[in-house]
Structure formats: structure tokens, C-alpha cells
Amino acid sequence: AAARAFIGSLAEEQKQRVVLAEDAPQRKKWSNLPAAYVDRSGLHLGALSKRQRVLLFEFLAASLSKEGYQLVAEIIAGEAFLSTEKEAEKHRWSPENYWICFYGMPNDASAWSFHFGGHHLAINMTFREGVLYSMSPCFIGNSPGVFRYAGKDYQALLRMHESGSALYEALSEEQKKRASYEKIPARLVTGAGRDGVVPKMTGVNVGSLDPAQQERVLSAIREWVAIQPAEGSVPLMRRINAELADTHFTWIGEYGVNQACYFRIQSPSIVIELVSKVANVGKDADGKGHYHSVFRDLSSDYGVPKK
């Protein structure tokens, strides 16, 4: 209903741009790069009236959990922080440069999806017969990782980073050896443009961990799964619990908001990755952290059931 209210507020030309075919090729061409380096489908915030923006954010609030909506808001706040930089015009850093696009008209009878994203953000959600079916792929990142803007402190991905570090520190020395990854990758293994990539299982087997350690694994996973509302997160966590014996965790690097590290949690059906980079974007962001992370549900990427 919120989706239809937003679409109903648009002019005909805007509707044609924002609602594409359910199988449109643009659906898989998402990116986490700034607006200056990639063309995106749909309508961006800067093209919407005040009323249309209100309706769009009401739709996002209805589609995401409270935590997920807050996370999206903080990532956009990071872009507002970068928009004050001298190089902002060159890179098109702006909180208005986030795009919404629907694939199929929202309805209760068949499948439809939406994409909302821009720099450091790509939310892809699919609904089937009026029920949330998939939130994959989902890219969450930000730079700076910790910052202050308009009198408020932000640290959008710090909890995600801390969840991986806390899990690693809870391992024994022998388990840490098994969990150790060979090197920090230059980019996410399953990030943008990496559809269909299934990493080799590496690291420590979660099935070999004690109950307290396994709970830390689940706590880390929830940081990503909880972006979606309970109708999607509860059954997904139930499936993830059932796969713990075949789940692996791997880590390399140091903990710290500006320390380089990488970790991955992988089960037969999901992949979660986070990389912390020392290199920052923007002079004012220097030394304040830079995160990229992705969640993939291999059983229903882009809402397509795995055969």
C-alpha cells in the first residue's frame, strides 16, 4: 500500500522511469560507487517533491525493520557529511543521490521487487504474494565509519564490525588458527558485479564451536538479517540455525575503526562479508574508518529460488 501511494504521487513520465519490468536487466546492475561513476535506474531523491520524498521514506519504513530504516538513514547521513568536502562536486557526493526503482508493479498476487541505493548502499527486496521473500543482495557500507554531523554522532556499521571481532576474540588459540584467512581481499568476494560467485568454504567450522561461541555467530548474523522486518528475518534465522553445523567463519586483520580487517560468515545458503579499509574517501573522513559489507542469500538472490 505504501509503495502504491508513492507511485501514485508521481507524474506519468516519472512512473515510466521508476517502474520497470520484473525481469529488466537493470536490476542486476546495482553499484556501491558514488553517483559520478555509475548510471542508475529509477528516480533519485533530488528529482522528487517534498511530498513524494515523505511518501518514499514512508514506504522504506514500511519495508524495513526499525533498525534497518535507521541504518539506511545513517548511511545517507554519511553522504551528507561527505557533501561538505571540497571534492564533493567531482564525485557527486550528495544525500539527494539515492535512487528508487521498482521491478514489477507492487501487488499482492505476484512477485515484485524494489531497489533503493546509491553510494555505499544497495537494498534489493523481493515480495511474493504480498509477503517478503528475499533481501538479497544487500550492500551496506559507509565512510567515514564514525563521524559527527549536524550535532549528532554516527557509527552505522561499527556494531557489525564489533560483532565479527567479538566472535573472533571468543575463539581459542587453536580455533583462531583455523579461522585465519590468507589475506584481506581488495574487494568483497560477493559484492557488486559478482552475482553467482560462491566462495570456497574457509575458516573454522561453527559446528565445532561451543554453544556460547555459536551464539556469537548468530548475533553477528542478526546484524544483517535484522535489516528486514520480522516476517523475513524470523524464518531466515530459523533456516540459518538449522545450517550451523555446515557454517564457517573466517577472519583476518585487527579490530579498530581504522584498522584493516576482513571477515566472512558462510553457510550453504548465505554469505556475509565485511571489509574494513584504512583508506578513506574525503579529507575530513581521514582516519575515521571505511566499511563495505554484503549479505547474499544464495537460495533466493534477487528473489529467484535456487534450482
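Ser293 touches Cys138, Phe139, Ile140, Leu157, Met160, Leu188, Trp224, Glu273 and Leu274, leaving out residues up to four places away in sequence; here, contact means heavy atoms within 4.5 Å. The structure is a predicted model, in which local features need pLDDT of at least 70 and side-chain atom pairs count only at pLDDT 80 or more, while totals for chains, interfaces and linings use all residues. Residues are numbered from 1 along each chain as its sequence is written, and side-chain values use heavy atoms, with hydrogens and water left out.

Ser293 belongs to strand 14 (residues 291-297); helices (H or I, at least four residues) and strands (E, at least two) are DSSP runs, numbered from the N terminus. Is this serine buried or exposed? Ser293 counts as buried because its relative accessibility is 0%, where buried means under 20% relative accessible area, exposed over 50%, and partly exposed in between (1.4 Å probe, protein chains only). The side chain of Ser293 also reaches the backbone oxygen of Ile140 at 2.8 Å, and a polar contact of 3.1 Å links the side chains of Ser293 and Trp224. A polar contact is a pair of N or O atoms within 3.5 Å; within protein, one must be able to donate a hydrogen and the other to accept it, and residues adjacent in sequence count only if both atoms are side-chain atoms.

Some backbone details come next. The peptide bond from Ser136 to Pro137 is cis, with omega near -5°, and Pro137 sits in the loop between strand 6 (131-134) and strand 7 (138-142). Ala150, although not a glycine, has a positive phi of about 50°, and with 71% relative accessibility Ala150 counts as exposed.
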